[in-house]
Amino acid sequence: MPDALMLFAAGFGTRMGALTADRPKPLIPVDGKPLIDHALALAEGYGPLRIVANAHYRADMVQAHLAGTGAQVAVEQPEILDTGGGLRAALPLLDADPVFTLNTDAVWSGPNPLQALARAWDPARMDALLLCVPLENAVGRKGGGDFSLLGDGQIRRGGALVYTGAQIVRTPPLSDVPERVFSLNTVWNALNARGRLFGLPYSGRWCDVGHPEGIALAERMLHADV
């Protein structure tokens with residue numbers, strides 16, 4: 001079972017426009033607290049985890065915000081490494097296999113996503129388990145879905161399931177990628193070809209806060225369930 005969590009917090013947040021002129025996207029407040037704190041609350045609700053966040057744009061602000069939380073920061077310089085490269089670069093700090101990952105530009109309403117993943121994780125069959133939400137429960141989603149679920153739990157590209165940014169993934173396949181900068185999609189494609197890429201539908205709701213309209217949508221979603 002994973003005992004480490006990677007928080008992806010290194011993006012430029014360009015879709016946020018002026019909101020990221022003076023701060024990185026993970027520090028934009030939603031419902032009274034920065035986005036990254038919503039992710040930290042999920043980790044706290046799961047239980048003890050070694051937490052690493054990557055940072056690039058205004059990395060000093062991410063470091064200052066996380067000081068004293070126990071979370072470590074892997075600063076990506078001079079270039080941003082994308083999700084796959086960023087996760088691989090953080091492995092010395094994570095010191096784990098497999099690991100959880102979470103995006104920091106989303107808010108959840110429903111069961112703890114890390115607990116849901118942990119309950120469904122089967123290392124005998126899986127090298128990655130992606131938590132996906134049906135399109136109708138993906139608040140603020142622009143565009144269609146990412147995956148479809150097969151009868152045995154494997155997933156394929158295309159369909160009405162939206163990847164939420166939460167997953168359990170084994171780390172050895174990261175070493176198979178020769179590039180320094182690469183997306184986790186590269187790893188998933190290789191796992192898919194080997195029948196080791198699985199998906200889990202999420203029973204709650206999830207809001208994409210990667211764009212400005214997502215802030216109000218997330219706050220309405222959270223308060224609708226109070």
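## Around Thr 164

Welcome! Leaving aside neighbours within four places in sequence, Thr 164 is in contact (heavy atoms within 4.5 Å) with Asn 103, Trp 108, Leu 131, Cys 132, Val 133 and Trp 206. Thr 164 is buried, with a relative accessible area of 1%; buried means under 20% and exposed over 50%, with a 1.4 Å probe and protein chains only.

This is a predicted model, in which local features need pLDDT of at least 70 and side-chain atom pairs count only at pLDDT 80 or more, while totals for chains, interfaces and linings use all residues. Residues are numbered from 1 along each chain as its sequence is written, and side-chain values use heavy atoms, leaving out hydrogens and water.

## The nonpolar cores

A nonpolar core is a set of buried Ala, Val, Leu, Ile, Met, Phe, Trp, Tyr and Cys residues joined through side-chain atoms within 4.5 Å. The largest one here has 38 residues, and Leu 7 and Trp 108 are among those touching the most other members. Helix α1 (residues 35-46) gives the largest share of this core, five residues. Helices are DSSP runs of H or I, at least four residues, and strands are runs of E, at least two, numbered from the N terminus.

A second, separate core of 26 residues includes Ala 4, Ala 128, Phe 147 and Trp 188.

## Helix α7

In helix α7, the buried residues are Gly 214, Ile 215, Ala 218, Met 221 and Leu 222. What covers them includes α1 and the strands β7 (106-109) and β14 (205-208). On the face turned away from the buried side, you will find the exposed residues Arg 220 and Ala 224.
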